[in-house]
Amino acid sequence: MSPKQLLDLAQQLVHDVLTFTYASDTCVSSFFRRNKLLGPRERHALAETTYQVVRQRLLYTHLALDGKKTTPENRAQLERRLVLLGWQGRDVDLHAGSTVDERDWLAKMRKTDLAALPDKLRHNLPDWLAQRLRDQAGDDFWPLVEALHTPAPLDLRVNALRIKREAAIAGLQEDGMVAAPTPYSPWGLRVQGKPALNRNEMFLRGDIEVQDEGSQLLALLVDAHRGEMVADFCAGAGGKTLALGASMRNTGRLYAFDTSGHRLAALKPRLKRSGLDNVYTAQIAHERDERIKRLQGKMDRVLVDAPCSGMGTLRRNPDLKWRQSPAALVELAALQTQILASAARLVKPGGRLVYSTCSLLREENEAIAEAFGSATPGWTRLDAAAVLEKAGVENAADLVRNGDLRLWPHRHACDGFYAAVWQKD
Ligand SMILES: C[S@@+](CC[C@H](N)C(=O)[O-])C[C@H]1O[C@@H](n2cnc3c(N)ncnc32)[C@H](O)[C@@H]1O
């Protein structure tokens, strides 16, 4: 494919993604299915350019239109310039695929004094979100913004049932990958670059799984043991289910519930690779489903990894900041409250309940946990630092604010997560 064709395709993809009708990753996968001839390097360039444009949408739009408004007439020029500004492929392709005028324009734009621009063009956030993140992060607002503008690294979880972390590092090295232990999770590896894993033997054997370190820490907070009854109430595609199953050493019974059959279906091949056979997946109609009622008071551990705005994952899903809204947060808070109340009924006396989100927003986190605590007697809140230390996490106090887990991309180099832990009296 010629550089010109590649840049034209990037423009088409940016056009599709910026309608925000679908999630960016859905748009990108569907675009690649329709353009089968693209090689891995070309796909990488197109996908990363698109995500960069979505991350920096306000700044790039301002530069591309010289502060003017978007109109149907200037839309094609806008999208072309967004691609030039956000290009993440090879410089040679950018050079060969663009005109002299375009290159001159780009050189001029790259000299823009960003520090002199209004805050909104620097943080690239909708007002409602900027306000909330300022309230949450305080003096850390700008370091947080910078971290959210940076692509996430590739983190792996070593399947403790199969292999030790050192052996996994050596195995990856044989395949030309450089991996180092993550700072907190005893199962975690951070890999340099973004190597494709789908043909890697260790991955196919289930020795390693892709999982952000923050997500691993949530499973460590649940701290499931051999022979226990455990429920992963919002299991989705099972990132945490797999980690929980491994820490149960493939014994006991682990229920993976979710309302989405599609997401649970994505868990099936991962379960097969992992070698776990203690997992029972069940699609439920809603959080008060009959199957849930039958398990009341029987669980040693329940994880509620609640549906949320995903504002902690903006490094991976930058489109979420443009697709979420304050009205959606209100609906989510109602759902989170209901799911937590229902899931809590499964826990037996002495058992543990963990409520988690991948959001940075107080209204989805502390507010939900506090409301549950005051509406529901008979629970003791546990200190997340003490729980994590017991589970083998070093420097756990660095991960906790007011007793709850609070992970930040700029402080902990993982996605933003929140979790509160209770023990049933
Ligand atoms: C944050 S995601 C879970 C991610 C998953 N735990 C993982 O580690 O990959 C939240 C999940 O909650 C599910 N969900 C939404 N409403 C639900 C409900 N009422 N009861 C149970 N699960 C629900 C969604 O389908 C989604 O898969």
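Helix 14, which spans residues 239-247, is mostly covered, since nine of its nine residues count as buried. Following helix 14 comes arginine 249, whose phi is positive, near 55°.

Helix 13, at residues 213-222, has 10 of its 10 residues buried, so it is largely enclosed by the rest of the structure. The residues concerned are Glu213, Gly214, Ser215, Gln216, Leu217, Leu218, Ala219, Leu220, Leu221 and Val222, all of them buried. Just after helix 13, aspartate 223 adopts a positive phi of about 50°.

## Confidence of the prediction

The mean pLDDT of the protein is 96, and 100% of its residues reach 70 or more. The model also carries an ipTM of 0.99 and a pTM of 0.96.

## Packing around helix 1

Two packed helices are described by the angle between their axes and by the distance between those axes. Helix 1 (residues 3-17) packs with helix 5 (residues 75-86) at an angle of about 110°, the two axes lying 9 Å apart. Because angles of 65 to 115 degrees count as roughly perpendicular, helix 1 is roughly perpendicular to helix 5. The crossing of helix 1 and helix 5 is right-handed. On the helix 1 side the meeting residues are Leu7, Ala10, Gln11, Val14 and His15, while helix 5 contributes Glu79, Arg80, Leu82 and Val83. Sorted by class, the residues in this contact of helix 1 with helix 5 are five nonpolar, two polar and two charged.

Helix 1 also packs with helix 2, at an angle of about 140° and with the axes 9 Å apart. That angle makes helix 1 oblique to helix 2. Here again the text concerns a right-handed crossing, in which helix 1 passes helix 2. The contact is formed by Leu13, Asp16 and Val17 of helix 1 together with Ser24, Cys27, Val28 and Phe31 of helix 2. The contact of helix 1 with helix 2 comprises five nonpolar residues, one polar residue and one charged residue.

## Helix 4 against helix 5

Helix 4 (residues 57-64) and helix 5 have axes that come within 9 Å and cross at roughly 120°. The two helices are therefore oblique to each other, and helix 4 passes helix 5 in a right-handed crossing. Tyr60, Thr61, Leu63 and Ala64 of helix 4 make the contact with Leu78, Arg81, Leu82, Leu85 and Gly86 of helix 5. By class, this contact of helix 4 with helix 5 holds six nonpolar residues, two polar residues and one charged residue.

## Positive phi values in loops

Most residues other than glycine have a negative phi. Phenylalanine 20, however, is a residue other than glycine with a positive phi, near 55°. Phenylalanine 20 lies in the loop between helix 1 and helix 2, the latter at 24-34, and it is partly exposed, with 14 other C-beta atoms within 10 Å.

Alanine 413 likewise has a positive phi, near 60°. Its place is the loop between helix 21 (409-412) and strand 13 (417-424). With 21 C-beta neighbours inside 10 Å, alanine 413 counts as buried.

## Two alanines in helices

Alanine 168 lies in helix 11, at residues 165-174, and with 22 C-beta neighbours inside 10 Å it counts as buried. Leaving aside neighbours within four places in sequence, alanine 168 is in contact with Val158, Ile163, Leu189, Met202, Asp207 and Ile208. Alanine 168 and glycine 214 are 46 residues apart in sequence, and their C-alpha atoms are 20 Å apart in space.

Alanine 371 is found in helix 19, at residues 366-375. With 15 C-beta neighbours inside 10 Å, alanine 371 counts as partly exposed. The C-alpha atoms of alanine 371 and arginine 41 are separated by 49 Å, the two residues being 330 residues apart along the chain.

Note on methods: Residues numbered from 1 in each chain as written. Predicted model: local features only at pLDDT ≥ 70, side-chain atom pairs only at ≥ 80, totals over all residues. Axes fitted to C-alpha atoms, helices over the stretch in contact; angles between N-to-C directions. Helix = DSSP H or I, 4+ residues; strand = E, 2+ residues; numbered from the N terminus. Parallel < 35°, antiparallel > 145°, perpendicular 65-115°, else oblique. Left-handed = near helix turned anticlockwise from the far one by under 90°. Contact = placed C-beta atoms within 7 Å. Nonpolar A, V, L, I, M, F, W, Y, C, P; charged D, E, K, R; others polar. pLDDT = per-residue confidence, 0-100. Buried ≥ 20, exposed ≤ 12 C-beta atoms within 10 Å, placed from the backbone.
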